[in-house]
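Here are my notes for you to read beside the model. They cover charged pairs first, then backbone angles.

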Amino acid sequence: MTQFKDRVFSGMQPTHTLHLGNYLGAMVNWVRMQDTHDCIYCVVDLHAITMPQDPKALAANIREVAAAYIACGIDPARSILFNQSRVHEHAELAWVFNCVARMGWLNRMTQFKEKAGKDRENAAVGLFAYPTLMAADILLYKGTHVPVGEDQKQHLELTRDIAQKFNNDFAASIAEHGFGETFFPLPEPMIQGPATRVMSLRDGTKKMSKSDPSDYARINLTDDADAIAQKVRKAKTDPEPLPSEAAGLAGRPEADNLVGIYAALRDVPREAVLAEFGGANFSTFKSALVDVAVDRLAPITGEMRRLSADPGHIDAILAEGARKASEIAAGTMDAVRRIVGFGPR
Ligand code: TYM
């Protein structure tokens with residue numbers, strides 16, 4: 001791995017307003033990693049169309065998600081921020097990976113099974129090939145570290161398998177062209193923090209998700225203080241008071257989830273939260289949770305609103321990010337063309 005420079009790559013789909021799961025599971029780590037790494041953060045609009053999208057809504061969502069990145073603390077002066085469809089090499093490398101990855105590998109992907117549901121025959125081919133595009137996103141930039149929530153772990157394993165197989169299948173050509181022994185790094189998933197899997201506020205056994213039909217299942221980054229308070233107050237709980245130790249959360253998914261959210265928002269371990277609230281009832285704990293959630297999210301919501309008032313500014317940031325991303329992507333794709341045997345463009 002030493003031949004590869006550390007580089008962070010990650011992305012989110014512009015299919016919805018970002019929610020607390022996206023924020024605590026991934027975004028908090030994205031922001032932090034800017035201090036130590038070169039970072040590339042993408043709005044993955046090519047992935048978005050693997051499910052039907054209204055074109056006008058998609059265009060607005062791309063800007064909204066870009067505004068959310070910036071409002072959460074992604075600094076376009078330090079990190080590359082762009083939307084995927086502007087850099088055509090993503091689709092090009094994904095095609096090469098479609099010919100490297102095996103059907104059997106993709107058949108095992110749980111996200112495809114969940115999204116396609118029972119009607120697999122009617123799912124888009126792109127939905128099936130989704131993970132090869134994700135591998136292309138990361139490997140186009142030779143990304144070494146990928147901060148994501150837990151639900152992306154299987155996709156990251158597949159990315160490593162694709163990188164490894166490409167390196168093996170083309171080993172001779174890679175060496176012949178002077179690229180050394182391996183061309184792609186095997187990226188490390190960075191799944192970190194007390195909230196790598198934020199659960200629904202209505203059901204502690206289900207992931208907080210954009211596709212949950214109830215808006216009460218999630219807190220959106222656009223929710224105002226009243227909406228946050230209402231959703232937390234209505235959140236499902238059990239009748240027992242909070243335990244004073246983490247072991248006491250076993251078998252109590254809703255309590256566990258709310259404690260995890262509180263810990264992540266305050267940036268403290270779960271144990272510290274339980275030391276403070278052990279023995280307290282949920283109404284006390286929920287009031288405290290509303291306070292920290294509003295404290296933490298209100299500035300982000302305000303900044304998103306401010307940024308969204310000037311779409312031209314967001315477009316300019318995305319265009320500049322795409323320009324920088326294209327420079328790296330073109331270099332990798334040119335090398336891939338030679339390795340595969342297409343020759344340079
Ligand atoms: P997406 O758009 O579904 O989610 C974006 C990020 O948010 C995390 N996340 C969660 N984390 C904790 N708890 C939750 N309830 C929760 N819900 C979502 C996700 O793990 C993710 O990190 N396939 C990716 C997008 C993608 C990508 C990439 C990511 C495309 N190319 C390359 C990394 C690298 C996705 O659908 O994320």
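1. One term first. Buried means under 20% relative accessible area, exposed means over 50%, and partly exposed is anything in between. Lys-142 has a relative accessible area of 24%, so this residue is partly exposed. Keep in mind that this is a predicted model.

2. Lys-142 deserves a look for its backbone too. Its phi is positive, about 50°, although the residue is not a glycine. Most residues other than glycine have a negative phi. Lys-142 sits in the loop that runs between helix H7 (125-140) and strand E4 (145-147).

3. Asp-267 is another such case. This residue is not a glycine, yet its phi is positive, at about 65°. Look for Asp-267 in the loop between helix H11 (253-266) and helix H12 (270-277). Is Asp-267 buried or exposed? Its relative accessibility is 56%, so Asp-267 counts as exposed; the cut-off is over 50%.

4. Now the charged pairs. The count of salt bridges comes to 22. One of them joins Lys-231 to Asp-215, with the closest N and O atoms 3.0 Å apart. What does this pair tie together? Lys-231 belongs to helix H10 (residues 225-234), while Asp-215 belongs to the loop between strand E5 (188-190) and H10, so the bridge links parts that are 16 residues apart in sequence.

5. Lys-231 has 5% relative accessibility and counts as buried. Asp-215 has 33% and counts as partly exposed.

6. Helix H14 (residues 311-340) holds both Arg-337 and Asp-334. They are three residues apart, about one turn of the helix. Arg-337 forms a salt bridge with Asp-334, and their closest N and O atoms are 3.7 Å apart. Arg-337 is buried, at a relative accessible area of 6%. Asp-334 is partly exposed, at 22%.

7. Asp-334 also forms a salt bridge with Arg-338, where the closest N and O atoms are 3.1 Å apart. Both residues lie in helix H14, four residues apart, again about one turn of the helix. Arg-338 is partly exposed, with a relative accessible area of 34%.

Definitions and conventions: Residues numbered from 1 in each chain as written. Predicted model: local features only at pLDDT ≥ 70, side-chain atom pairs only at ≥ 80, totals over all residues. Heavy atoms only, no water. Salt bridge = Lys/Arg side-chain N within 4 Å of Asp/Glu carboxyl O. Helix = DSSP H or I, 4+ residues; strand = E, 2+ residues; numbered from the N terminus. Buried < 20%, exposed > 50% of the residue type's maximum accessible area, 1.4 Å probe, protein only.
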